[in-house]
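This report describes how the parts of one protein model are arranged. Please consult the sequence and the structure shown below while reading.

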Amino acid sequence: MTTPIRYPTKIAVLLRNDLASWQRLNVTAFLVSGIANAVPELLGEEYRDADGTTYLPMFGQPVLVFAGDRATLVGAHARALARGLRMAVFTSELFATGNDRDNRAAVQAVGRDKLDLVGVALHAPRTVVDKVLKGASMHP
């Protein structure tokens with residue numbers, strides 16, 4: 001039996017708990033792309049099957065997905081900002097856009113305290129992520 005690896009950091013996604021299934025999947029995919037871009041060293045090696053076909057690398061550690069209500073997201077966002085953490089955000093307005101330029105314009109049009117957050121993602125030391133996500137629960 002192998003000993004489980006305990007990572008010093010945590011990759012976490014926090015989703016608003018009232019999203020439709022397709023929205024949860026879409027938001028998670030977009031948010032983790034921000035983490036991969038900001039912290040490329042989190043990506044592992046390429047995958048290779050027995051026939052030698054190569055596949056893209058993925059994160060070398062788990063991505064944990066949490067859920068919470070609007071207040072939980074607002075609180076987590078504020079705590080992350082207070083700690084100087086970089087994070088990816090997804091607002092409800094992004095469901096109506098179809099490209100990155102319009103996504104960025106939709107976020108830029110709203111002050112940080114007025115963002116209608118439906119998801120955030122961050123990577124930080126485990127204990128810091130746990131404090132930021134206070135009140136959130138593991139996604140069912």
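In this predicted model, strand 5 is mostly covered, as four of its five residues are buried. Strand 5 runs antiparallel to strand 6, and five bridges join the two. Within this pairing, A88 stands opposite A121 in strand 6.

Strand 7 pairs with strand 4 (residues 63–68). Here A67 stands opposite S137 in strand 7. The table sets out two of the antiparallel pairs.

| Pair | Bridges | Residues standing opposite |
|---|---|---|
| Strand 5 and strand 6 | five bridges | A88 and A121 |
| Strand 4 and strand 7 | two bridges | A67 and S137 |

**Helix 1**

Helix 1 (residues 21–38) has 18 residues, which at 1.5 Å a residue should span 26 Å; the end C-alpha atoms are 26 Å apart, in agreement with that value. Which residues of helix 1 are buried? They are Q23, V27, T28, L31, V32 and I35. These residues lie on the same side of helix 1, because they cover an arc of only 145 degrees around the axis. On the other side of helix 1, W22, L25 and N37 are exposed.

**Helix against strands**

The buried residues of helix 1 pack against strand 1 (9–16), strand 4, strand 5 and strand 6 (117–125). Strand 5, described at the outset as mostly covered, is thus one of the strands that these residues pack against.

Key. Residues numbered from 1 in each chain as written. Predicted model: local features only at pLDDT ≥ 70, side-chain atom pairs only at ≥ 80, totals over all residues. Heavy atoms only, no water. Pairing = 2+ DSSP bridges. Expected span 1.5 Å × (residues − 1). Buried < 20%, exposed > 50% of the residue type's maximum accessible area, 1.4 Å probe, protein only. Arc of directions from axis to C-beta. Contact = heavy atoms within 4.5 Å.
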